[in-house]
Amino acid sequence: MSSNLYDRLLAGADSDQSICIEKDDGAALSYAELAALSGRFANFLAGIGVGPNHRVAAKVEKSVEAVALYLATLRAGAVYLPLNTAYTPAETEYFIRDAQPTLIVCDPREEADLRAIAAKAGGRVETLDQCGKGSLVQAAADFPARFDSIARTNDDLAAILYTSGTTGRSKGAMLTHGNLSSNALTLVQEWRYSSKDVLIHALPIYHVHGLFVACNVSFAARARILFMQKFDAERILATMGRSTVLMGVPTFYVRLLESPDLNERSTANMRLFVAGSAPLLAETHRTWKQRTAHAILERYGMTETGMIASNPYEGPRIAGSVGRPLPAVEVRVTDPETGAMLPVGEVGMIEVKGPNVFAGYWNMPDKTAAEFRADGFFITGDLGKLDANGYLHIVGRGKDLIITGGFNVYPKEIETEIDAIAGVSESAVVGLPHADFGEGVTAAVVRSPGSSVDERAILAALSGRLAKFKQPKRVVFVEGLPRNAMGKVQKNVLRERFADLYFGRA
Ligand code: AMP
């Protein structure tokens, strides 16, 4: 059998009448209909000369047709390149110039911008809107539904996903058919996924979580996907009675907890709540368990590697840990400077190796070489430790590590202490330029509604609990923490906003 990801996930789907995707408006599409739609798109792609290794860029809203375009690209042997819909024209131009797609599919509202970019960078432009209408669908309508996938090997490219790039240039992670199929099939097993499952899908589909975890895993199991255009706590709660799985970023869980309707009864039909893409607070894990009797299953992954570790389906799901490495995935923790392995319990750089690890950064051989060890381990950039039971604990991104007066401070430790103080809703700790210390430990704090907790109270509460060098030099109050669409706190935004704090100009 070909190693084409489409065949690995969806062989035989063309005669499967079970429901694959239900849309917001209740309309449903069977696996056979999705296979036919993607077959038409694949024939159209092949007809305009899109073939092996050609890139197909998609900057479109979430729709069934967008999913069909992804599958059609795989079937045609080409490389799918989803772009965050929030990118500005200037950012989009960078990606298009870098990736040189043969075809760019965009929302009709952005057609003029994309045509201007394509006029300079090359590429044909077609449109697709959020209701599934546009020139792509029209152009493909008369093509046959049947399409035999172009044979691919495990090492051939299936997708390029640009990393969110909070520092420096965004990099295109090259993912192979083997990377994506091994990860999806492993997760089906690990999470006991089956055709009985009904997934609440409220994530965007330009990111690894919503596309490769949520969709690929559901396809491989022939589960049903309830597609929601965006996160809506009330709708999700109303849907739980006929669903079995929710995959979300931590903010989904925080917001669902705000609803009085979240309880054991409303979640009784659910069997699995998965969280990832950003750290889930141990507090959120515990409160969720109290309210629903479900332990959220936290997992850890990244664009370059797919999923790396997961708490177990059976067995303890530990609050504040991302669980054990997945089968066939090796994880080690090393000294960030020397690369030497560290003993259990020590914090260092998380490195990973396995069939899930990407093939390198597009057009960036030097960057790629710099992020792999000689023995093939990828340096994730995340700091963490393994415990005696083999569970991984993440303490933050390496670039968020604060070095103050020569001491290392891990922000998460300080944030956990601050979050426990009465009157604090949440916090983010960053290092800011400081004349004496190099970096000054600084806490940005969001007050709970109605709270008037101030800087003095927070510093006083921390004074007995943290070594002096770890205590924030300043506490600033913010309305909310800056987050990206996947719920990640954008510490670079805080660092920029308060860059002058210790120089008297902020
Ligand atoms: P992305 O490439 O956008 O998926 O971002 C990957 C990064 O998200 C990782 O390198 C981690 O820093 C972070 N991340 C993902 N899952 C978790 C998690 N469960 N806990 C903490 N950080 C996470």
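Helix axes here are lines fitted to C-alpha atoms over the stretch in contact, and angles run from 0 to 180 degrees between N-to-C directions. Helices (H or I, at least four residues) and strands (E, at least two) are DSSP runs, numbered from the N terminus. This is a predicted model, where local features need pLDDT of at least 70, side-chain atom pairs count only at pLDDT 80 or more, and totals for chains, interfaces and linings use all residues. Residues are numbered from 1 along each chain as its sequence is written, and side-chain values use heavy atoms, leaving out hydrogens and water.

Start with helix 3 (residues 64-75) and helix 8 (residues 208-221), which pack at about 80 degrees with axes 13 Å apart. That makes the pair roughly perpendicular, a label for angles of 65 to 115 degrees. Val-67, Tyr-70 and Leu-71 of helix 3 meet Leu-211, Phe-212, Asn-216 and Phe-219 of helix 8, where contact means heavy atoms within 4.5 Å.

Now look at the open sheet: 9 strands in the order 2-1-10-9-11-12-13-14-15, with mixed pairing. Two strands pair if DSSP finds at least two bridges between them. Strand 2 (28-30) and strand 15 (324-325) sit at the edges with a single partner strand each, so one side of each has no neighbour in the sheet. Helix 2 (residues 31-47) packs on this sheet, touching strand 1 and strand 2, and its direction makes about 80 degrees with that of strand 2. Strand 1 (residues 19-22) runs parallel to strand 10 (residues 224-227) over 2 bridges, with Glu-22 opposite Leu-226.

Further along, strand 23 (residues 438-447) and strand 24 (residues 474-477) are parallel and joined by 4 bridges; Ala-444 has Val-476 as its bridge partner.

Conventions. Angles under 35 degrees count as roughly parallel, over 145 as roughly antiparallel, 65 to 115 as roughly perpendicular and the rest as oblique.
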